[in-house]
Each structure stands twice: as structure tokens, then as C-alpha cells.
Amino acid sequence: MREARSFKKELIYSFLTIAFFSIAFLGAFQIYQLSSLVKENQKSQSLTTKYLADYISNYVSEHKNIIQTEALNASRLFQEGDMAEIQAQLKDIKANYPGFVNMYVGDQRGQSLVFYPEVYTDGAKGENLNFSDRSYYKELLETKKTVVTPVFHGRGGTDKLLVTIVSPMFDGKGEMIGYVLGALDLNALGEHIQRRNFGEEGYAVVVDQKKNVVVHPHFDTRRELVNLSQSEIARYIDSSEADRGSSFVQLKNPSENIYITYEKVAPFNWTVWVAKPSEAITKTYKNALITILVFLLLTAFVMVGVSLVLTNRLEKSIQRLLDYIKDYTKGLKAKHVKPEKIQGPKEMRELLYYFNNMIDEVEKNRSSLIELNKRLEARVQERTANLEKKNSELKAVNKLITSVSTDKDLAQFIQYCLQEIEQFMDYSIHVCINDLAVTNRSIHTNQNLMQYLNDHMAGEQQYMEPIQIDKSNRGFLVVDLSGRQSISVSDQEFLRTFAGSLAVMLQNKFLFELTRNKHAVLKAVLESMSEGLMLLNNQKEVEYVNEFFLKVVALEDSGGQEGEENPLATFDDVFKRFLQLFDVDKEDLSAFFDDGIGELKLEYKRASKKPKYYLLHNFSVMLDEERIGEGLVLRDITKEEEIDLLKNNLISLTSHEFKTPITTIKGSVETLLRSEVEWDPEFKQELLEGVHEDIKRIEHLVNDWLDISKIDSGTMYVERNAIRADHIIELSMESIPEQFTEDAIITFKNRLGEGATFFADKMRVQQVLINLMTNALRYNDSSPKKIDITLGEIEGFITISVADNGIGISEDQLEKIFNRFYQVDVTATRRTGGTGLGLAICKGVMDAHEGRIKVESKPGNGSVFTLYFPEKEGEE
């Protein structure tokens, strides 16, 4: 066996080995770092290339969008012939985008019409020039899309490198009517690219779709237009199908190997690449390798010297440690204990000998420590289980406390609570409160506590905890103990806690249900109001609005319902809605809200419909003498307005219709009472007949008012009997006053034959027919006046239609003619007489017969009134 080396030699060899491998790993890491740095530089070069491509694309696209936008704007002005406005727009574009050298607008033949600036740099004017031979114009005609041309030098040999952007103009039919062109200066683009830093000896190149140079550090684009389609780099990029990439390329003239990254500018098929000599990349590797080798040799010499110094110090320390262990284990050698031999320094062998003996001592105590540790772990697990159970119980109770807002009733809520704690309890638990008895499986109502305990307790003993809610509501939590079952102290604590928590939950449940019921009653009352109510808080936000208010202020185009499309969230929404719906001035409405005016009368804006009126009240909402908001009350006063209107109409009618006959009667009576004059009998008879006619007129007015009163009060009585239809029509035709029958032709068509009957009140039907025929003759300026009366049958109704050739009724008046006191033509009415009650009475009579009256009319074409009578006798 080879003799073991000393610890000192072992350490020297170890230090040298560690130093060698450390330097080797450090060198490898350094090379890896250099490789990563080169890759990072290559990635940075690729990102720079992409940035240049994006910059070029954005630069040209921005100016392209300007030309396209101007083409859209100029299309309308071009069709209107407003060339001055087009030139003003070109001037604004040139001022905001100085990259444009010049711009012009041409027609569909290629002729330039508007040019800005108006002259080229050489002084030539740009208007009225023909560009139809240009390649971009031909491409524009073919594609009808915006064209971006290859680069070229400016007109007259200027030093500006240009690209033109041409966009078509279309008329409303999609036909091309002209185009807008902008010449873009690329020298500014090149200067921006050349100013960027591309690293050591790096540079950037930009070529267009025809490989003409846009930017190149080795060519002066101001003097010549260079094409690179035959260069090695361009051929490599063309051979590659990718839009971006990188590679090492060998150049022939000059002979040089370079690394390039390229990117194609997709919208315009331009190409940009960044190039850097390969030598600038590889020389970093060479320098690094030389540095690592030199450093490795120097480190080896240094580590030998350092290891000698360190091993001396370490050897002394280990020797002292060995002596200490010898003293601690004194006497072990005498026991002839032979430690296991190992390969290593001799000091380590001796050290191992004494440590083996120490391990023997440790092993003796290991078993007792393990047993003690097991007992300790068991106690910890038991304590942890108890804590987890308590924690779960507390979580369950806490969960129940937060769930009082559930829709469950009281019994269901208690049962839900018992089910939640079921997993923690192995007992049968009953909750008795008031007349309820609840378990986790059943609910009993109308229960007496003592009777329930006698009937449902299976065990001989019960454990009870009181549930005290308030004076009127109290109960017990009862645990039924079967056999020798008992409750542990911890379970008693939990049940006591649960009973107290259940009392709190039930009290909250009672309060919640009471509050919810009161809120529901209050809401039902507010929603049932016949007046609109809205409440706003101090922040002018809508807190509540009832259904009546919503229906009144709902927009007609929203279907009569307040929805998400027309919300009323703030006071401003309400203010705007009032201005939309009601005929009210903005100043009056503002004064109503700002100055605290008590009420405001509003009229609804509804054309061709029955007018509606509302009265708006506002009031302050107070709580504990503090103003918390304001309220609005909206009341429908349409009926009151109608009553006022009817009252005014009645007064007007009385002053007109009564005044004339009474005045005539008074004059006739005063004439007859003159004693100094002897009147002829014929004259007296004539005066008395006039008085009689006026009295009949007053009697007719009184009867009309009585009929209207009966209709309004619902006491219009008709005595329906079987009557012959043709007979009642003929009687009505004979009863028309003679003053209306002059120059009149009345015809009757019976489509049902003689003997047709229906059930109706004979006098009331005759009253309606006479009224309709009298109106047909009264409001008729034709000569002769014609009335066609037709008797027929439609879908179970006997129909009588009265058609005339009178003045007719306009469509917007048809819904109003059956209103009381309504007169279509006031002037004509006053000329011919009338109260405006006839058609209202006719409608009331037809409603009393369970029938209806229908009218069709156009101004100048006469009117047709049709009466519908049920064939069968209806229920009284």
C-alpha cells in the first residue's frame, strides 16, 4: 500500500488543482461571456436595423397618409371647382410637413391643375403640365390605389433625392376624377440615418424597390443615383425569402468579409441593412484567449506560494484540534478500539479513530432521543387537531353571522344554521323558540316546549342552553343525549358560544325582516300613488323615483318605459327631460328649482293628441333638522284643466246660445204688451210662433245638457227593444227640420231587405240619425246637397251609414269631433248655429247600446258616419 502523504502536501496539491480548474472554468466563462457579448452586439445590430426599417416605414407612411387624406378632402372641392381652397390646403400641408418639396393636384388625364409652390426651384411654373407619360400615372390608372414611386433626382438636376406619393381622387360613383401628388425629400431621411452610431466601422444602407441607393455612406446621393442590384449583399438578400435576417458576406471589391443584418420595409418593398467588418467581431475572441493563457500561468505561480503559507497555518490549527480530541477521549486506546482505515493524510486517520469513538457515544443516546421526539410529535399533533377544530367551529359561526339577509324564513334559517355545525357535533340538537321546534332534518310548528320534549326526546337526559333574544322572543338549544352519551367540556363551550351567536343572528334576522317588510310596504305605497314622486340627495343624484313619475317623463321613442337608453341618474338628466317633454321655458324651470317656487304648471308637448297638463311641486327632505335632499311631486291636472275648459265653454255657450232666443222672446213679449198699439191677429200669431220656436230651441239646448250630464255620470239609460231598421230610418228622414231640406237629395239603400230588426232604443236611435243628417245638411256648401243612407250588416253588427258631399273634416280633427263643445269650424258654426254637443251625445248613445260610431272624411270630399248596433240583445 502506498504511503500516505502528509496533510501539508495534500493541501498544496488540492490548492493547485482547485486553482487550475477555477482558472479553466473562469476562462470558459469568459469565453462564454465574450460569445454572449458578440451575440448581444449582433442582436443590437438587428434591433438597430429593425428600428431603421420602422422609422423609414413610419416616415413614408405618415406622408402617404397625408396625401391620401388630402385626396379625400380635395375630391369634393375638385367637383365643386374650388381650386383656391385646394391650393390653401396644399399650402397648409407644406407648412406642417416640410419634407414635401412640392405638391400638386391633376385631373384624370394627367394634367396638373393646382401646384404648390407655384414655381419649381429653377423658376418654372408647375401648372398646366401634362404628366400622363409618367410611370406612376400609368400605375395609378391601372391599380386605382396610392402609388409610392422609386427614388429619383429632382427636376432640373437638383441635388434633392425624391420619391413621389400619388393618391387617386374619386367622385360619388367611385370613378377616378384626378389625383394628388407629393414629392418627398429623402435627403433629410438620409441625414437622420447617418447621424446614428453603428459601432466600430459599422454603417447603414437603404435601397428602394429597384435597388437604387437612398442612403449609403460611400456614395453621394446628391450627385449620382447608384443602383446596387449587382452587389453581393443585394443578391444575397434577394435570394433569401425571409423579410429579415443576418449573415456573413464576402465582398470582392474591396475584398472584405462583413457581417450584415437586413430588414425589408414591407409596405414599399425597400430594404435596409447594417454592415460591420468581421474583423471587428473576431479580434475580441483572439485578445481574450491570449489574456486567459497569460493569466493562467501567473495564477499558478502565485497559488503555489500562497498555498505554502496557508497550509502551514492550517496544519498548526488541525494539530491543535487533534490534541484537544485526544485529551477529551483519553483512555480509549487502552480499549483496543480499531477504527476503520481510510485513504488520506495520516493526521486524518488518527482524527478518524477518535471521532469513531465519539460516534459510539452519540449512538447510545440516539434511541432515547427518537422515542422522546415521537411522544412530543404526538402531543403536538393532538394539540394542532384541537386548534383546527376550534378554528373550523369559529369559521362556521362567523359564516352564519354574516348570512342574516337570506330569503329563508325563520325556521329555514335556524335549520340552515344547524346544518352548518352538523359536521362538528355528534349529538342530536333541537332549537325551540316561540312555537317552533327545529332540527337539522325537520321543522315542527305550533309546538309547546314541554310537550315537544316529551314526544321527541329519545334519550333519558338532555343538555340545554338558553337562547335569549329579547323579552318577547326567547328559546332553548336542547341536546338529546342517548344512552351513556355525555358532552365534553370543549363541546359545552362551543354549544354555549353557538347559542349566544344564534341569539344574535336571530335578533338580527328579526330586525332585518322587520326593516325589509317596512321598506316593502313603503315602496308599495309610493309605487301605488296616483302622483309622481322623485327624491334627490344633496349631490343632486336621483335616489328614488316611482313608476308614475317614470311613465310621465319617459320618452315616446323608448316605448313608454324608462330604460338604460334614457336613464334618470342626476338632476341634470331630470332637467333636460323636462325641457324635452314639456312646453316650459328654461329660465322658468331654472327659477322654479333655484328660487324655491312651490309649484309649476307644465303642458305636455304632444302634437295631434289630447293635451295633458301636470303640476310640479318641490319640497325639502329633512332628517333631524338637517336637509338631506329634495323631492319632486308631479300631479296630473288634466281633468281639472278639462273641467275649467268645459266651464268656460259652457259660459261662452250660455252667453251666446241663450242670449239670442231670450232676447227675441223678450222683444216679442214687450211688443205684445204695448197697450197703446192695436196689433193685427196675424202679426200676433207670427210673434207667438217665433216665441214658440225660441222656446223649443232653449228646450233643445237644455235636453242636450241633460243628455251630456247623463253620459258623464254613467246614467244614460236606453230601453232596447226589437225595432225595424228601415222604419226608424224613414221616420228620422221625415223628422229633419224643413229649413235644412231645401235643395237637398236624400236617398236610402236597404241591403238587408224589409223587416230587418235589431235591439235598440227607438227614440235614441232616431235622435242620433236626425243629428247626423242635420249636420250633413248644415255643414254643406254643395248644390244640391246629397245624403246617402245605407243599411247593412258587418261581422255581427247592424250598420247604418250616413254619407254626404259636404265640406269634410281634416284628419287631425277626426279624434276631437266627439269631444264636448268641440266645433271644427267656429265661423261656420256660428253662422249656422250649433253647441258642439251633438256628436258627443251620439257617441254616448252608441256606447250605451254597446255599439260604436265611426267616421271617415277628407276636406272637400264629404264625410261618412257609420253606426254599429249589436244584432243580439245585450245584458242589461
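# Reading a helix, a sheet and a hairpin

User: Which residues of α20 are buried?

Analyst: In α20, the buried residues are Gly 838, Leu 839, Ala 840, Ile 841, Cys 842, Gly 844, Val 845 and Met 846. Keep in mind that this is a predicted model.

User: How much of helix α20 is buried, and what follows from that?

Analyst: A residue counts as buried when its relative accessible area is under 20%. Helix α20 covers residues 838-848, and eight of its 11 residues are buried, so the helix is largely enclosed by the rest of the structure. Cys 842 is one example: its relative accessible area is 2%, so it is buried. After α20 comes Glu 850, which has a positive phi near 60°.

User: How many disulfides does the structure hold?

Analyst: The structure holds zero disulfides. Cysteines can still be read for burial. Cys 417 has 0% relative accessibility and therefore counts as buried.

User: Is Lys 211 buried or exposed?

Analyst: The relative accessibility of Lys 211 is 13%, so Lys 211 counts as buried. Lys 211 sits in the loop between β7 (203-207) and β8 (213-215). Leaving out residues up to four places away in sequence, Lys 211 touches Val 226, Asn 227, Leu 228, Ser 229, Ala 234 and Asp 238.

User: Now sheets. What is the strand order in the open sheet of five strands?

Analyst: Strands of a sheet pair through backbone hydrogen bonds, either parallel or antiparallel. Here the open sheet of five strands runs in the order β23-β25-β26-β28-β27, and its pairing is mixed. At the edges are β23 (744-750) and β27 (852-857), each of which pairs on one side only. On average, neighbouring strands of this sheet are turned by 15° against each other, direction ignored.

User: In which sense do β23 and β25 pair?

Analyst: β23 and strand β25 (residues 785-794) pair in the parallel sense, over seven bridges. Within this pair, Thr 747 stands opposite Asp 788 in β25. Helix α16 (residues 725-734) packs on the sheet and touches β23, β25 and β26 (797-804); the direction of α16 makes about 175° with that of β23.

User: How does α16 pack with helix α18?

Analyst: Two packed helices are described by the angle between their axes and the distance between the axes. For α16 and helix α18 (residues 762-778), the angle is about 50° and the axes are 9 Å apart. That angle makes α16 oblique to α18. The crossing of α16 past α18 is right-handed. Among the α16 residues that meet α18 are His 727, Ile 728 and Leu 731, and the α18 residues they face include Val 765, Leu 769 and Met 773.

User: What do β20 and β21 form?

Analyst: They form a hairpin, with two residues between the strands. In the turn, Asp 624 has a positive phi of about 55°. Strand β20 (residues 613-623) pairs with β21 in the antiparallel sense over 10 bridges, and Leu 615 stands opposite Arg 635 in β21.

User: How many bridges link β17 and β21?

Analyst: Strand β17 (residues 532-537) and strand β21 (residues 626-636) pair over six bridges, in the antiparallel sense. Leu 533 has Val 633 in β21 as its bridge partner.

Methods. Residues are numbered from 1 along each chain as its sequence is written. This is a predicted model: local features need pLDDT of at least 70, side-chain atom pairs count only at pLDDT 80 or more; totals for chains, interfaces and linings use all residues. Side-chain values use heavy atoms; hydrogens and water are left out. Two strands pair if DSSP finds at least two bridges between them. Helices (H or I, at least four residues) and strands (E, at least two) are DSSP runs, numbered from the N terminus. Axes are lines fitted to C-alpha atoms, for helices over the stretch in contact, and angles run from 0 to 180 degrees between N-to-C directions. Contact means heavy atoms within 4.5 Å. A disulfide is a pair of cysteine sulfur atoms within 2.5 Å. Buried means under 20% relative accessible area, exposed over 50%, partly exposed in between (1.4 Å probe, protein chains only). Angles under 35 degrees count as roughly parallel, over 145 as roughly antiparallel, 65 to 115 as roughly perpendicular and the rest as oblique. A crossing is left-handed if the near helix is turned anticlockwise from the far one by less than a right angle, and right-handed if clockwise.
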